[in-house]
Amino acid sequence: MNFSEPLSGLFHLRAEPRLDERGSFTRIFSSAHFQELGLCTDFVEWSQSHNMKAHTLRGVHWQDPPEIKMVHCVRGAIFDVAVDLRRHSPSFGRHYATILSAENCDILYIPQGFAHGFQTLEEASTVFYHISQAYVPDGACGVRWNDPALAIEWPNPHSPIMSKKDETLPLLSEIQVK
């Protein structure tokens, strides 16, 4: 596995598939590698979202108290975004965007204090999450996907398919983040 750190604490993992006549084998998690970098290895919830249509947009969300997520796309492809909401971070308000797909096997490790969202690039895209703490409905938070302060260049900003809740999330300037 190759790890890069585009924003402090946020890791983009590139898996290294091993190919042979049968197909491929790809290690997507190694406790030893994560421990070497001081990263979380205890994910208490595993979740997946299946998205029937291309251009489905989910996010931009986070949990309070903060959680750690590891996200990868196991079917199809997504434009994945992590936003630094750590108020005292030098990269506060900045985001990192990448393509995660079943083909590239890339993974995004999202530390505490980041928000996360994605837009599907293909129909029938499935996203798998490893999460460091149990979901608490009252702790669900979010910031509007098209907030000008975030300047995220979504692949299809004109007609995303999204929930009413996500459409009406507050702007970054309207929320209190820690």
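**View 1. Strand 1 (residues 2–7) pairs with strand 2 in the antiparallel sense over four bridges.** Strands here are DSSP runs of E with at least two residues, numbered from the N terminus, and two of them pair if DSSP finds at least two bridges between them. The model is predicted, so local features need pLDDT of at least 70 and side-chain atom pairs count only at pLDDT 80 or more, while totals for chains, interfaces and linings use all residues. Residues are numbered from 1 along each chain as its sequence is written, and side-chain values use heavy atoms, with hydrogens and water left out. Asn2 has Arg14 of strand 2 as its bridge partner, and the hairpin formed by the two strands has two residues between them, with Gly9 in the turn at a positive phi of about 90°.

**View 2. Strand 2 (residues 10–14) also pairs with strand 10 (residues 107–110), antiparallel over three bridges.** Phe11 has Tyr109 of strand 10 as its bridge partner. Because four of the five residues of strand 2 are buried, this strand is largely enclosed by the rest of the structure; buried means under 20% relative accessible area, computed with a 1.4 Å probe on protein chains only.

**View 3. Thr126 lies in strand 12 (residues 125–131).** Thr126 is buried, with a relative accessible area of 6%, and its side chain makes a polar contact of 2.6 Å with that of His50. A polar contact is a pair of N or O atoms within 3.5 Å, where within protein one must be able to donate a hydrogen and the other to accept it, and residues adjacent in sequence count only if both atoms are side-chain atoms.

Technical notes
Buried means under 20% relative accessible area, exposed over 50%, partly exposed in between (1.4 Å probe, protein chains only).
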